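Have the structure open and follow along.

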Amino acid sequence: MRSDPLVCGPVVGGYRLDGLIGSGQHGDVYLATHPDSGMQVAVKRLRLPAGDAQQRGELARRFVAEAQTTRRLDHPDIVRVLEAGCDEAGPWLVMELLHGCSLERYTRAARLLPEPVVVALVARVARALACAHAQGVVHRDLKPANVIVDWGARRVTLSDFGLARDADAENTRTGLVLGSPDYMAPEQLAGAAAAPAGDLYALGVMLFELLAGRRPHEAASLGELLQQVAQRTPPDLRTLRPELPPALCDLVAALLSKQPAARPASAAAVADALDLILSTIDSPRRGSKSRP
């Protein structure tokens, strides 16, 4: 885990920032330490887009409010959000510090995990999503980069709930693209309100990518990507991985359905289906998790 030292150590939410861990589309994540207890955490700052003060203020307010909603989530495979707030530099949230690597590492053809490992990992992510959805929280930015695996501790953690929101919250249009377009469902890209079905589509994209080493839709421009997601049927996994169980390919195809109603009924149903598929395929060789 990279941590670039800061010239000075500003304090955010009572924690001293020690270094930059990483940067993403929507913000920066820092390693931070509580000056009294010595506890280390991760602090994320939202990167606000250019705009008028009122728009930026609304984005900051909503980020903090939505981050606070995730504090009620209690699941071993969901990152713990400790607190959230806003200062003169913008909104921030404090999360537990995670160890390991993201599933993005295993989305390349040369590093694909054995399919039983993929199925088991995604089943756990689906269970975590089911917990969030049961509490009325939609993740909205599910992707391999936001799933952290600690092989030594046998832990899988769904992280980065900074874009999460209540499923029944009003869909406020702010001009900010909330989510990663490669993993967003057609209805999300069209501006529909956040809903669990959107997370299920993203789960399908992630499962496809972990099995095929590519995403179901790939384009050179955002406009072309939007057109593909809206109009083009994703490739059939059977043509890319003919050795995969038909039930697994069918599940991925269902998750990637254009219409939300055609996707599985819930994240819990997806987890159950993956558990059933896992029971029908061979277990991976010992040690194959860390060295695919």
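R154 is found in the loop between β10 and β11 (155-158); strands here are DSSP runs of E with at least two residues, helices are runs of H or I with at least four, and both are numbered from the N terminus. Its phi is near 55°, a positive value in a residue other than glycine. At 58% relative accessibility, R154 counts as exposed, where exposed means over 50% relative accessible area, buried under 20%, and partly exposed in between (1.4 Å probe, protein chains only).

R140 also has a positive phi without being glycine, near 80°. This one sits in the loop between β9 and β10, and with a relative accessible area of 8% R140 is buried.

This is a predicted model, so to speak of local features pLDDT must be at least 70, and side-chain atom pairs count only at pLDDT 80 or more, while totals for chains, interfaces and linings use all residues. Residues are numbered from 1 along each chain as its sequence is written, and side-chain values use heavy atoms, leaving out hydrogens and water.

N146 counts as buried because its relative accessibility is 5%. Its side chain reaches the backbone oxygen of D141 at 2.7 Å. Skipping neighbours within four places in sequence, N146 is in contact (heavy atoms within 4.5 Å) with H139, D141, T157, L158, S159 and D160.

K44 is listed by UniProt, in an unreviewed entry, under "binding site"; such annotations may be inferred rather than shown by experiment. K44 is in strand β5 (residues 40-46) and, at 7% relative accessibility, counts as buried. Not counting residues up to four places away in sequence, K44 touches G27, D28, V29, P91, W92, L93, M95 and D160.

## The nonpolar cores

Which residues have the most contacts inside the largest nonpolar core? They are L142, L203, L207 and L274, in a core of 53 residues. A nonpolar core is a set of buried Ala, Val, Leu, Ile, Met, Phe, Trp, Tyr and Cys residues joined through side-chain atoms within 4.5 Å. Among the elements that each supply at least two residues of this core are α2 (115-134), α4 (196-212) and α8 (267-278). The largest share, 13 residues, comes from α2.

L207 touches V118, V122, L248, V252, L255 and L274, leaving out residues up to four places away in sequence. A second, separate core of 17 residues includes V64, V81, A84 and I148.

Methods
A polar contact is a pair of N or O atoms within 3.5 Å; within protein, one must be able to donate a hydrogen and the other to accept it, and residues adjacent in sequence count only if both atoms are side-chain atoms.
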